[in-house]
Amino acid sequence: MDRRTKYTKQVIKDTFLNLLETKDITNITVTEICNEADINRATFYRYYIDIYDLLNKVEEEFTDELKSSPLITDVTNYSIYSFTKDVLEVLYKNKKLVKILFNTNRNLYFLNDVMESAYLRVTEKWYKKNNDTEEIERSAIFVFNGALGIINTWVKNDFDTEISVLAKSVESICLDGIKKYL
């Protein structure tokens, strides 16, 4: 992709995200994006089918960044803390985008693909230590869905907890459960 194309797509994306900060996606038009970005409609349609295609491309780009994280692609040195911290750092680094994605009535759906990749790699590692496939699957589902709930709350509370504290909390809950509170 040449520099001009890259620049134009970035301007469209930035304009779209700025509009999404104050408006619902159903109230944003291609014309509005084009006017704000100072491009013509043909340029927009050269890269995107419509507003929803643009949103999907933004989500895909972001999930590709998350999925390329070394802790997702290589679980040899995996720990719950390091994995969670890595994911939280990417989310925090992109907090404007994350807040917008969470507010587009899609919530955590854009993270499903990322978590599924991690789930497959982690369970594969766990299978090597234990043959109880059903118990491993239940445990992984519990851990990943619980972590998604914590991440969802963290984003909705405007990233109110330090990343390392939250990652440690997720690890502690995963490893020790809630025994200490009972």
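This note walks through a predicted model, point by point.

1. First, some ground rules. Residues are numbered from 1 along each chain as its sequence is written, and side-chain values use heavy atoms, with hydrogens and water left out. Because the model is predicted, local features need pLDDT of at least 70 and side-chain atom pairs count only at pLDDT 80 or more, while totals for chains, interfaces and linings use all residues.

2. What is the secondary structure of the protein chain? It comes to 10 helices and zero strands, where helices (H or I, at least four residues) and strands (E, at least two) are DSSP runs numbered from the N terminus. Read along the sequence, the pattern is α-α-α-α-α-α-α-α-α-α.

3. Now for the chain as a whole. Of the 182 residues, 43% are buried; buried means under 20% relative accessible area, exposed over 50%, and partly exposed in between (1.4 Å probe, protein chains only). The accessible surface of the protein chain is about 10900 Å², and 50% of that belongs to carbon and sulfur atoms. Accessible areas come from the Shrake-Rupley method with a 1.4 Å probe, and for residues only the protein chains shown count as cover. Take the contacts (heavy atoms within 4.5 Å) between residues at least 6 apart in sequence: 62% of them join residues at least 24 apart.

4. Have a look at how helix H1 (residues 3-22) meets H2. The two pack at an angle of about 115 degrees, with their axes 9 Å apart. The contact is made by Val11, Ile12, Thr15, Phe16 and Leu19 of H1 and Glu32, Ile33, Glu36 and Ala37 of H2. Axes here are lines fitted to C-alpha atoms, for helices over the stretch in contact, and angles run from 0 to 180 degrees between N-to-C directions.

5. While you're at H2 (residues 30-37), find Thr31 in it. Thr31 is partly exposed, at 37% relative accessible area. Thr31 and Arg41 are 10 residues apart in sequence, and their C-alpha atoms are 6.8 Å apart in space.

6. How many salt bridges are there? The count comes to nine, with a salt bridge being a side-chain nitrogen of Lys or Arg within 4 Å of a carboxyl oxygen of Asp or Glu. One of them joins Glu89 and Lys85 (2.9 Å, N to O). Both residues lie in helix H6 (residues 80-93), four residues apart, about one turn of the helix. Glu89 is partly exposed at 34%, and so is Lys85 at 27%.

7. Which parts of the chain does the Lys99 and Asp158 pair link? Their side chains meet in a salt bridge (3.3 Å, N to O). The pair links distant parts of the chain: Lys99 is in helix H7 (residues 95-106), and Asp158 is in the loop between helix H9 (133-156) and H10, 59 residues apart. Asp158 is partly exposed, with a relative accessible area of 46%.

8. Helix H9 has a pair too. Glu135 and Arg138 form a salt bridge (2.9 Å, N to O), sitting three residues apart, about one turn of the helix. Together with Glu134, they are linked in a network of salt bridges.

9. Last, the surface. Ile173, Ile178, Tyr181 and Leu182 make a nonpolar patch of about 480 Å². Patches are made of residues with over 30% relative accessible area and no salt bridge; like charges are joined within 9 Å, and nonpolar side chains (Val, Leu, Ile, Met, Phe, Trp, Tyr) within 5 Å. Ile173 lies in helix H10 (residues 163-176) and is partly exposed, at 31%.
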